[in-house]
Every structure is written in structure tokens, then in C-alpha cells.
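Dear colleague,

I am handing over the structure we spoke about, and below it you will find some notes on what turned up when I went through it. Please read them with the sequence and the coordinates open beside you.

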Amino acid sequence: MSKILSVNNLTVHFHTEAGIVRALEDVSFSIEEGEVLGLVGETGCGKSVTALSVMGLVPVPPGKILGGTVEFGGRNLLSLDSEEMRAMRGKDLAMIFQDPMSSLNPVFTAGFQVEEAIVAHEPGASGKSLLSRVIGLFKKVNISDPEQSVQKYPHMLSGGMKQRVMIAMGLSCGPKLIIADEPTTALDVSIQAQILTLIRRLQREGGSSVLLISHDLGVIAAMAQRVAVMYAGSIVECTSVGELFENPRHPYTKGLLGAIPRLDKDQTRLAVIPGTLPDLLNLPEGCKFRERCPEAIPICSSVSPRPQLIGPGHEVACHACFGN
Amino acid sequence: MPVLEIENLVKHFSAGGGLFAGKKKPVRAVDGVSLTLDRGETLGIVGESGSGKSTLGLLSLGLIRKTSGKILFLGSSVDELQGAGLTLFRRKAQIVFQNPFASLNPRMIIRDIIGRVLEIHGIVPPGEMDGRLKSLLGEVGLREDHWSRYPHEFSGGQRQRIAIARALASDPEFIILDEPTSALDVSVQAQILNLLRDLQEKRGHAYMFISHNLAVIRHISSRVAVMYLGRIMEEGPRNSIFSHPVHPYTRALLASVPKPFVTNEDIEDKVIAGDIPSPSNPPPGCRFSTRCPFCIPVCREREPERKEVGPKHSVVCHRAEEWV
């Protein structure tokens, strides 16, 4: 297998009135061809900024990419100009956003919006063949009554159906990488199960790679092959999904897993990670998790840990795990 | 005597026709719900969007007018309460809302937000006000000096603690918790769930805990009611509902939650097909018949009766006996 996307040492800051928000610090990860990589973390940990950086959608200013590379198909996406990036977006790289209610334009029909996405990359497409292609896409994402649905406006569709339209749009040009940013967070659990099933079926059939962003470890466990856990702008642990749930090593990952209420067993109390997230404007020296960490050792307060391999395919950024 | 008894409660919202739409069918948000809430217990109300669970919460407090049915607080009808009786009900029935960013007045400091409750109900003499406020803040895990701050100076989790302190201030018999942790990250959610449990152990009030999150409901509740389109489909002790769910909807709902560990089960086999019907146009017969894999002709014609399938465990399904 070869790498389809490789993000290396990506650092992104936002310059705000209150100061510099260090949104991403030295983030590195890669996705293999046909792989689903889960990116998990809490609010403000940098999941969405990571996605936006790959898509070239970080607003500059206030955003500023200070360093690193995003390699995709042999090119560094960060060095492309806006026209070149535009040609990639929607064609090679597609993104599915969290809120299908606000990602569709309310004044155009669902079908028109998908047609528009195709025409942007294939100016020749038009007429009946274009329409039948859109109907075909609607069928593929299980939209009921596709011939009628292409003519419907977004408000006539349910949340689940709107997200299917977004997925149809994302798939329209056969992307190599799909970035799904919390694709089911706005949906009910029975509809979430439908959409997750759909994304997985399409990913298997089409062989595209997926970067799946979620705060829900259940969604990650059901979908991903590998998982990267983010905390305050850095990846703290990255490993296979089995290893992450069976043998989590970073104290933050362990804390997160202990804090989830479970359907399959009784817990009288939930494990709690003490304290709150650090302020990204004013991050502590050394390890960003140390103030909340039950396993902190002296070195944690001065040296920021870098990810190291501690087992086959298992990377952790934690001094206590390195054994020194 | 139960704290709260609800009998055949109905709430229809008339959907205003507007200029173009003409007369619309009413939204049948709560459509014949009967429940009791006992002293010191936690009743979990779980359902998807549009199931009427929040409306049920608001009705229970008399915050919106019911269409028909009965609500009894400690045996007396809430409609007939007046003067001192009504004030006492307001004092003994409290609520914590989902979004702590909207439920606290941004122009008031914490001392006034909580102090106002003590003042209105004349709970403590003015001289003891400060002492009581400080002890309330301590009870919910905030510092005494927090009281001179405004809501915007707090994180989401801290704000929810303030909302809880406000609800506790009047020493309630029961508190409606309407999705109190849905806006919070999982590590913060764990802190709030533990806090709610500790407070109940100490003070002995009852909770009606409304949530769409089945794992949270399982964690916190002693009894559970599953709602779908304005009706209760299944109700029973926590352990019976989660270990031996009977209604096809409950079973499907439990199966479609992605589990936060790696399983051999495929989420694909467990999907409930179709969308949730509109509450203004519920299907005839059983409300779940349009999505139920076990639907037989009678389900589309006649509404099922409530049947006992175990101790205090009731199900509304024509085929209930077959699933036990």
C-alpha cells in the first residue's frame, strides 16, 4: 500500500485580537490508499483545522501556516496557488461537513447543486447525461425516489437525506480522499447508523481513502482502521483501532475512554480527567496535558514530548510511556 | 405518593398557516403520555428528535399549556394551583436546560443569578444569603470567589454547574434535566454526570433526565421510558430495558449506537430503515409501523395497547408477547 496523504510537521496559528492561538503544533500523520483514518478529540483540539488545512481552506489572515507540508499525489498542497488548489478540491479531495442543514444552498434544488459540482471540474458536462449522472449518484447514496428528489429544495429533505446529497456531491468526481468532518453529529442515532453504513459501503466499493473526524469514539471504533487522538493542537497517540481500544497508552486516551458512559456495562462513577483544557492562547511549557495528567514526571514540565514508536505501528507522545 | 403523576397527557401545537400555506395539521408533540416520577429516583426519557421528550419536560413544569390530560404534583393537580400553592410548586420543580450558553443571563453576575431564586422564594433571611450562596457554589464544585463573575467568564461545564446550582437553590423535589450534557465534551460530561449523582445521593431529589444518548441514560437512570413520535413505546426498570429490551424500536435503537470498543458486529446489520415520520402526520396504527421490520397488517390499522411484560416493564406493541 502506498500513502495517499502525508501531513508532516504542520503548524498553524491564528492571529486574533486576544493573541496568537496555537491551533496546530507539529502535526504529522498519513493515510494509506483505501484506509479510513479516524481523528478524534474534544472541542478545540484542532481536528477541524487539520481538515481545513488539507483542503486549503484555512482563512489567511487570521490563520497562518507556519510550517510543514501536506503531500498528496506527489505534490505539496501548501505550495499550490489558489487556482491549482481549486482544481483539486471537489475532484481529488472532497469534504463532507457536519451540518447538512447549512451546507446546502436553500435557493437551489439538490440536483442542481450536485450538477454544479460536476460542471466545475468537467465544463463539457450538460443536459440529459449530466442529469442522469446525478440521478445515478442519488441512487448510489440511497436517496428515495431519486428522479423526484433531484428537483427538491433542501428544506423539503430530512437531515439524513440532506447529508446523503452532500455525500453524493462529494463523490461526484470520484475523489481519492474524502474528508468527513463530524458527518453524523447533527443526526439522530438511527439515521447516523444509516449514514455510517453508506460511507463505509461507498469507501469499500470506490476504494477511496477517508479522513473521518469525530468526537465520538463509538463512531471511530465502527468505522476506522487507524486512529489519531488529538489534544490541544497535537496528536498524542496514533495506532490501529484495535490497539487503541485494547491497549491505550497515552494518559489522555485512557482518561477519554474511561469517561464514556457505556451501554454494555454498569459503572457507578465515570472516570474523570481533572481540570479543563488549556487555553490555546497561553499553552503551558512542556507537555500540554501535564497539568491534568496522573502520570506526569519531572521532565514533562520542561520538554514537550514528540511522538515515538512504542510498538508496531503504535506512536505515542508521552514521556511516561517512553520509560526514561 | 409519587412526586409527579402524568396521565394521558397531550400537547398539540397548532402550526400557524401563514400567508401562503393555508391551515396546517397540528404538530402532535406529546400524544397521550402517562408516567410517574417517584421520590428520589431518576427517570430517563430517551428518544430521537421530534419524539416529544423536551415538550414533555416543559409540560411537567407547567411552562407550556397542555392540550389535555392530567399533571399531579404530590397528588394535587398543577392546573388548579394558585397563589401560595403555585409558588410552592415553582419552588419545588426546577429545570436545567441543554445549552448553558443561552440559559444564563449574560448581564447578571453569578451571585445575582443564583441569589434571585433565594430572594423570590424567601428561602433564607437576607443576612444569611451570602453564606447560602457560597455553600451552593461549593456543592457544585465552583469557588466562592466565582460569584462576582459574569457567565461569559466560564467554560461550558462550569456554566452548567451554575445552572445546576440555580436549580438547587430552592431545594426542589424534582429537577427536569433536558439534555444537560449534550453541549459538553465527553470528559466534561463525565464530571457533570458524577456531580448530578452525588447531589441526588446527598439531597434525595428526583430527576427526570431527558436525553437522546442511550449510554448516558443507562448510566444515570433507575427507570427508563423510550419515546417515539409523542408516545411512550416501552417503559421499565433500567436493567430490564437495557438487558431485555422488548419493543422492536428499543432493540433497533440500542443496536444502532456505535459502541466505543472494537466488535465483530457490523453496524450494517442493525440499521433501522427510513426516516422518522413527521409528528404532524404520524402513521395510523402503531407509530413505528412504517419502519418496523416486524410489522404485520394489524400494526397499520390499530394502535397497540400497553402490555405488562415483566415487573413494572410495559411495552406498546401488538407482538410484544413474541419478543419476551
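This is a predicted model: local features need pLDDT of at least 70, side-chain atom pairs count only at pLDDT 80 or more; totals for chains, interfaces and linings use all residues.

The setting is the pairing of strand 10 (residues 234–240) of chain A with strand 12 (residues 314–316) of chain A, which run antiparallel and are joined by two bridges. Both strands belong to an open sheet of eight strands in chain A, which has mixed pairing and the order 6-7-8-3-9-10-12-11. At its edges are strand 6 (93–96) and strand 11 (308–311) of chain A, each of which pairs on one side only, and neighbouring strands of the sheet are turned by 20° against each other on average, with direction ignored. Helix 7 (residues 159–171) of chain A lies across strand 6 and strand 7 (177–181) of chain A, and runs at about 175° to strand 6 of chain A.

Chain B also has an open sheet of eight strands, with mixed pairing and the order 6-7-8-3-9-10-12-11; its edge strands are strand 6 (93–96) and strand 11 (306–310) of chain B, and the twist averages 20° from one strand to the next. Here two bridges join strand 10 (residues 231–237) of chain B to strand 12 (residues 313–316) of chain B, the two running antiparallel, and the bridge partner of B:Glu234 in strand 12 of chain B is B:Val315.

Turning to where the chains meet, 37 residues of chain A are in contact with 34 residues of chain B. On the side of chain A that touches chain B, two or more residues each come from helix 8 (189–206), helix 9 (217–223), helix 10 (241–246) and helix 11 (251–259) of chain A, and the largest share, six residues, is given by helix 8 of chain A. The residues of that side divide into 19 nonpolar, 12 polar and six charged.

Lastly, helix 2 (residues 53–60) of chain B is mostly covered, with seven of its eight residues buried; among them are B:Lys53, B:Thr55 and B:Leu59. Just after helix 2 of chain B comes B:Gly62, which takes a positive phi of about 70°.

With best wishes

Methods
Residues are numbered from 1 along each chain as its sequence is written. Chains are lettered from A and ligands numbered from 1 in the order in which they are written. Two strands pair if DSSP finds at least two bridges between them. Helices (H or I, at least four residues) and strands (E, at least two) are DSSP runs, numbered from the N terminus. Axes are lines fitted to C-alpha atoms, for helices over the stretch in contact, and angles run from 0 to 180 degrees between N-to-C directions. Two residues are in contact if their C-beta atoms, placed from the backbone, lie within 7 Å. Ala, Val, Leu, Ile, Met, Phe, Trp, Tyr, Cys and Pro count as nonpolar, Asp, Glu, Lys and Arg as charged, and the others, Gly among them, as polar. A residue is buried if 20 or more other C-beta atoms lie within 10 Å of its own, exposed if 12 or fewer, and partly exposed in between; C-beta atoms are placed from the backbone.
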